[in-house]
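Me: I would like to go through this protein with you, one topic at a time. Could we begin with the ligand site and then move on to the rest?

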Amino acid sequence: MIAGVRKAVGAATPYVPGKTVEEVRRELGLQKIVKLGSNENPYGPFPAARRAMTEEIARINTYPDVSFHEIKSLIGERFGLGPEWVAISHGAEGMLQTLGKVFLEPGDEAILSRATYGLYREISLVMGATLKEIMLKDDLSVNLREMERAITGRTKLLWLNNPNNPTGMLLPKKSVENLAKRLPRGVWLVLDEAYAEFASPEELPSVAKLLEAECGLIVVRTFSKAWGLAGARIGYALARPEMVRIIDTVSEPFNANRIAIAGASASLKEDEEAFNQALAATVRERERVTKALRDMGGETLPSHTNFVFVTFQADAGEVSGKLLRKGVIVRPCGGWGFGSSLRVTVGTPEQNDFFLGALRGVLAGDGEGGA
Ligand SMILES: Cc1ncc(COP(=O)(O)O)c(C=O)c1O
């Protein structure tokens, strides 16, 4: 440990991102690379966002509107809430960091699922909190009942990702709503809905109602996934106005950039058609890829996201290494405790065919050659 660095920082480990196309090209010298490792949207950015971001470059010498009024209003409208219920951030990731700073101090407990988005763990540890990690149920769904049971007088936060990364599974709406309603005062549920747009709206918890009922809930969402703006880095939280004021105070003042705000606002105003088409294509392909994986002998989980979790009777690290040499980037799930499972982003039909063809080859034992 370097002298002077906070002790809690030593407990954290670096976030492991999916491999980038640039990295794979550099390391393996391949021409064709299909990246299905980071749950990005192959159809974005949508046309209005692209236009608005290009135009906004001319204004990049000035700071963004620090009140984020327009974008907050546009987001709020979608949930039937006013702009004062919305906080903006540099990706959902930025919001999660801010929430860690708002709530966690040394000695506090944070409860999370053993297999979920990795950042909750690191953020909690850096803030000096103690983790309580709850195993998934036998069907690999998040064990909400055990998460609730784990609450003690020292608990501050429950980090919940729904639908969950890496499994893609969605919790029953009622069980999330009931948990939010039952939380003791001073215990907060951070509900990360980064992939919610890929699920059926009627199956998602009614977050506006829960917030209006003064539940200890903060909802986190992002433009990185269904809206196709991962590189722009913009996310947001829905929370009660008094909590939004706290979040906005703790975040850095200009925590979303002009280009991202322009793109996200334009998409919300004018990209509905492109958004819906991309969503429908992803859901269609998700079902096709799931079926193809099953036909190859894979065990899949029901996905409500833009990725599929699949298990084969094989070492996932080896399978993903062989896929990489054929130009396909996927995410092996050993780090989450699933040594035989892969998380595969749903791409375009052409990308998915390339992946399925490569996987067929790997499973048939021709893993060492090129595709
Ligand atoms: C569950 C979950 N939450 C948050 C994020 C971060 O999203 P963003 O790109 O908005 O920072 C991700 C990214 O993969 C994610 O999977």
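Me: How do the residues of the shell around the ligand divide into nonpolar, polar and charged?

Reply: Please keep in mind that this is a predicted model. In the shell around the ligand, seven residues are polar, four are nonpolar and two are charged.

Me: Which of the 13 residues around the ligand come nearest?

Reply: Those are Gly91, Ala92, Glu93, Thr222 and Ser224.

Me: And which helix gives the most to that shell?

Reply: Helix α5, residues 91-103, gives the most, with three residues.

Me: Let us change topic. How is the protein divided into domains?

Reply: The domain assignment gives two. Domain 1 consists of 7-44 + 273-363, and domain 2 covers 47-270. Their centres, taken over C-alpha atoms, are separated by 24 Å.

Me: How many residues are in contact between domain 1 and domain 2?

Reply: On the domain 1 side there are 30, in contact with 29 residues of domain 2. The elements that give two or more residues to the domain 1 side are α1 (7-11), α12 and β10 (307-311). The largest share of that side, six residues, comes from α12.

Me: What is the class make-up of the side of domain 1 that touches domain 2?

Reply: That side has 18 nonpolar residues, ten polar residues and two charged residues.

Me: What about the largest nonpolar core: how many residues has it, and which have the most contacts inside it?

Reply: The largest nonpolar core has 109 residues, and those with the most contacts inside it are Val190, Ile218, Ala237, Ala239 and Val328. Helix α11 gives the most to this core, with seven residues. Domain 1 and domain 2 both give residues to it, so the core lies between them.

Me: Which residues does alanine 237 touch?

Reply: Leaving aside residues up to four places away in sequence, alanine 237 touches Ala87, Ser89, Met95, Ile218, Val219, Val220 and Ile247.

Me: Back to α11, then. Is it largely enclosed by the rest of the structure or largely open, and why?

Reply: Helix α11 is largely enclosed by the rest of the structure, because ten of its 13 residues are buried. Among them are Ile259, Ala260, Ile261 and Leu268. The buried residues of α11 pack against α3 (47-56), α4 (69-79) and α12 (272-295).

Me: How far apart are the end C-alpha atoms of α11, and what span should its 13 residues have?

Reply: The end C-alpha atoms of α11 (residues 258-270) are 18 Å apart. At 1.5 Å a residue, its 13 residues should span 18 Å, so the two values agree.

Me: Now the backbone. Which peptide bond to proline 45 is cis, and where does that proline lie?

Reply: The bond from glycine 44 to proline 45 is cis, with omega near -10°. Proline 45 lies in the loop between β1 (34-35) and α3. The bond from asparagine 165 to proline 166 is also cis, with omega near 20°, and proline 166 is found in the loop between β5 (155-161) and α8 (173-182).

Me: What is phi of phenylalanine 68?

Reply: Phi there is near 50°, a positive value in a residue other than glycine. Phenylalanine 68 lies in the loop between α3 and α4.

Me: Is phenylalanine 68 buried or exposed, and why?

Reply: Phenylalanine 68 counts as buried, because it has 22 C-beta neighbours inside 10 Å, and the cut-off for a buried residue is 20 or more.

Notes: Residues are numbered from 1 along each chain as its sequence is written. This is a predicted model: local features need pLDDT of at least 70, side-chain atom pairs count only at pLDDT 80 or more; totals for chains, interfaces and linings use all residues. A residue is near a molecule or strand if its C-beta atom, placed from the backbone, lies within 6 Å of it. Helices (H or I, at least four residues) and strands (E, at least two) are DSSP runs, numbered from the N terminus. Ala, Val, Leu, Ile, Met, Phe, Trp, Tyr, Cys and Pro count as nonpolar, Asp, Glu, Lys and Arg as charged, and the others, Gly among them, as polar. The expected span of a helix is 1.5 Å times one less than its number of residues. A residue is buried if 20 or more other C-beta atoms lie within 10 Å of its own, exposed if 12 or fewer, and partly exposed in between; C-beta atoms are placed from the backbone. Two residues are in contact if their C-beta atoms, placed from the backbone, lie within 7 Å. A nonpolar core is a set of buried Ala, Val, Leu, Ile, Met, Phe, Trp, Tyr and Cys residues joined through C-beta atoms within 7 Å. Domain bounds come from an automatic or database domain assignment.
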